[in-house]
Amino acid sequence: MWMNKAIIYCRVSTNKEVQQTSLDRQLNELEMLAKQKKIEVIQAIEEVASGYEIEREGILEMLSLFKERAASILLVQDDTRIGRGHAKMAFIHQLRKLGVSIYTIHDQGELQLSEADTMILDIVSIVEEYQRRLHNVKIKRGMAAAIERGYRPEKNLKANSSGGRDKKEVPIEEILKLRDRELTFHEIAATLRGFGYNVSKATVHRRYQEHQAGVERST
């Protein structure tokens, strides 16, 4: 079971000898913490990088493992090892979304965030939720606008059971029909997404322009 498995993450900012000693100490202390908590460590990741950097191979590898459900617990010396400043908050937010528990040497158990950090993460979560709702509202409005203007999706679009379509399968015929009904490219993209086509406004616009250019060349 991945629920009681952990990844150890150790980080220092430079290659100096004293920092290497710090890496070794972090690893030893985190292995002891895992033993105390009866947690199985599946991998230990050591990294030399600034905590302000987002593009860190080690931490990105760690996030990938959590996304794959290889483990559910992160063991770190303290929250500054995850990152500093905005980078720290971004990574902790991602870990929370993945359902990862963070254990630290500093807390001798689960990470205890400051009130300020907790407030920031709560605000980010609220904003993301409203962005998701707004996205869904846009899709519904696009679909409603298309149907109001006479578009009948059940007569045109086939059910998409694959959960998405690639570029070649973007239905240009439907784009043209919706465009004829004076829908904007944004509304067309929202309508098609509502019926399972993973397309953006830019993709719809590009496919329409490609088609029009092809028509002009053939005349």
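## An arginine over aromatic rings

In this predicted model, the charged end of Arg 179 sits over the ring of Phe 185, 4.1 Å from its centre. Arg 179 also lies over the face of Tyr 208, at 5.7 Å from the ring centre; a charge sits over a ring if NZ of Lys or CZ of Arg is within 6 Å of the ring centre and within 35 degrees of the ring normal.

## Basis of the description

Because the model is predicted, local features need pLDDT of at least 70 and side-chain atom pairs count only at pLDDT 80 or more, whereas totals for chains, interfaces and linings use all residues. Residues are numbered from 1 along each chain as its sequence is written, and side-chain values use heavy atoms, with hydrogens and water left out.

## Overall organisation

The protein has 9 helices and 5 strands, where helices (H or I, at least four residues) and strands (E, at least two) are DSSP runs numbered from the N terminus. From that terminus on, the elements run β-α-β-α-β-α-α-β-β-α-α-α-α-α.

Of the 219 residues, 39% count as buried, buried meaning under 20% relative accessible area, exposed over 50% and partly exposed in between, with a 1.4 Å probe and protein chains only. Among contacts (heavy atoms within 4.5 Å) between residues at least 6 apart in sequence, 70% join residues at least 24 apart.

## The sheet and its edges

The strands form an open sheet of 5 in the order 2-1-3-4-5, with mixed pairing; two strands pair if DSSP finds at least two bridges between them. Strand 2 (40-48) and strand 5 (109-110) stand at the edges, each with a single partner strand, so one side of each has no neighbour in the sheet. Strand 5 pairs with strand 4 in the antiparallel sense over 2 bridges, and Gly 109 in strand 5 is the bridge partner of Thr 104.

Helix 1 (residues 17-36) packs on the sheet, where it touches strand 1 (5-12), strand 2, strand 3 and strand 4, and its direction makes about 160° with that of strand 1. Helix 2 likewise packs on the sheet, touching strand 1, strand 2 and strand 3, with a direction at about 155° to that of strand 2. For these angles, axes are lines fitted to C-alpha atoms, for helices over the stretch in contact, and angles run from 0 to 180 degrees between N-to-C directions.

## Strand 3 within the sheet

Strand 3 runs parallel to strand 1, to which 3 bridges join it, and pairs with strand 4 in the parallel sense over 4 bridges. Leu 74 of strand 3 is the bridge partner of Ile 7, and Leu 74 also has Ile 102 in strand 4 as a bridge partner. Both faces of strand 3 are covered, with Ile 73 and Leu 75 on one side and Leu 74 and Val 76 on the other all buried.

## Helix 4 and what follows

Helix 4 (residues 85-97) has 13 residues and reaches 19 Å from its first C-alpha to its last, close to the 18 Å expected when the span is taken as 1.5 Å times one less than the number of residues. Its buried residues are Ala 87, Lys 88, Met 89, Phe 91, Ile 92, His 93 and Leu 95, and they pack against helix 2 (57-67), strand 3 (73-76), helix 3 (79-82), strand 4 (101-104) and helix 5 (115-148).

Helix 4 is followed by Gly 99, whose phi is positive, near 75°. The C-alpha atom of Gly 99 is separated by 9.6 Å from that of Lys 67, the two residues being 32 apart along the chain. Lys 67 is found in helix 2 and is exposed, with a relative accessible area of 55%.
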